[in-house]
Amino acid sequence: MTAPASGTSWTVTASPASVRLHLGESAVVRFTVTDNATTPAQRRGTLAVLPGSGTDASWFTIDQDTRTFTPGGSADFGVTVRPPTGAASGDYRFSCLVFDSEHPTVDTTVQSGPVAITVTPAVLPWKITASKSVVELTHQPDLAGDIDFETSGPVGSLVTVRVRPIGGHPADAKWFSLPTPQQETIGASGPVNFNVEVGPPNPLGSVVPHGTFVGDLLDLTGGIQVHRGSSRAFRLSGPTQ
């Protein structure tokens, strides 16, 4: 029986040597494995992930972990890196082992160089959601109501909301009072909520508008106002309606 080739007969190279991921994303690292032995005519090699500190097997998936090699032959293994939900932001490492599939011992094994993983917070999509489809206005003691808007977007973005009428009179926008503070910075903890008060701009009261309204999400980052999206439409309902 032919003795197995030693681990030094394998060469394994990772590309890229580092990946940067937002939480929820994945990346593929290619490990090129070469059989440098002159015998046997064929042998099977297996790639296995060696997780680094702070990671475990759940972070990694290998595309076909065992291949057949001939002397001087190479094969690419794809390792998908996907940090699990709840993984902390930070820097991690992993490497891979290659060994003779029929003789999986230390003597037939070689380890790749380390691959660096940088995990950053998830990128939230731009979104604004209205809490109601109908805002009920009541006399308690004044004609008044309110509506909440939940907003999300990339961490660090400075945002505000604007309510505008759809198909009504532009002056109807004066029924909505922005909260204090009128601007908020989106943090890593998640969405930002704005509570907008609703009531007549005239202290003596006026007829409740019959049109519909939407909330706009405005990105103020960098001193430039950019419209990032609108909520679903909603309407007002007063005691006289």
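The side chains of Lys132 and Asp146 meet in a salt bridge, 3.4 Å from N to O. The term covers a side-chain nitrogen of Lys or Arg within 4 Å of a carboxyl oxygen of Asp or Glu. This pair links distant parts of the chain, 14 residues apart. Lys132 sits in the loop between strand 11 (127-130) and strand 12 (134-136). Asp146 belongs to strand 14 (residues 143-152). Strands (E, at least two residues) are DSSP runs, numbered from the N terminus.

The model is predicted: local features need pLDDT of at least 70, side-chain atom pairs count only at pLDDT 80 or more, and totals for chains, interfaces and linings use all residues. Residues are numbered from 1 along each chain as its sequence is written, and side-chain values use heavy atoms, with hydrogens and water left out.

**Salt bridges**

The whole structure holds seven salt bridges.

| Pair | N to O distance |
|---|---|
| Lys132 and Asp146 | 3.4 Å |
| Arg44 and Glu102 | 4.0 Å |
| Asp216 and Arg162 | 2.8 Å |

Arg44 lies in strand 4 (residues 43-51) and Glu102 in the loop between strand 8 (90-100) and strand 9 (109-111), so their bridge ties together parts 58 residues apart in sequence. Asp216 is in strand 19 and Arg162 in strand 15 (residues 158-166), so that pair joins parts 54 residues apart in sequence.

How exposed are the partners? Relative accessible area sets the class: buried is under 20%, exposed is over 50%, and partly exposed is in between (1.4 Å probe, protein chains only). Asp216 is buried at 0%.

Lys132 counts as partly exposed because its relative accessibility is 30%. Asp146, at 29%, is partly exposed. Arg44 is partly exposed at 36%. Glu102 is partly exposed at 48%.

**Asp219**

Strand 19 (residues 212-219) also contains Asp219. Is Asp219 buried or exposed? Asp219 counts as buried because its relative accessibility is 4%.

Its side chain makes a polar contact with the side chain of Thr221 at 2.6 Å. A polar contact is a pair of N or O atoms within 3.5 Å; within protein, one must be able to donate a hydrogen and the other to accept it, and residues adjacent in sequence count only if both atoms are side-chain atoms.

Leaving aside residues up to four places away in sequence, Asp219 touches Trp126, Ser157, Leu158, Val159, Ile224, Gln225, Val226 and Arg228. Contact here means heavy atoms within 4.5 Å.

Notes. Helix = DSSP H or I, 4+ residues; strand = E, 2+ residues; numbered from the N terminus.
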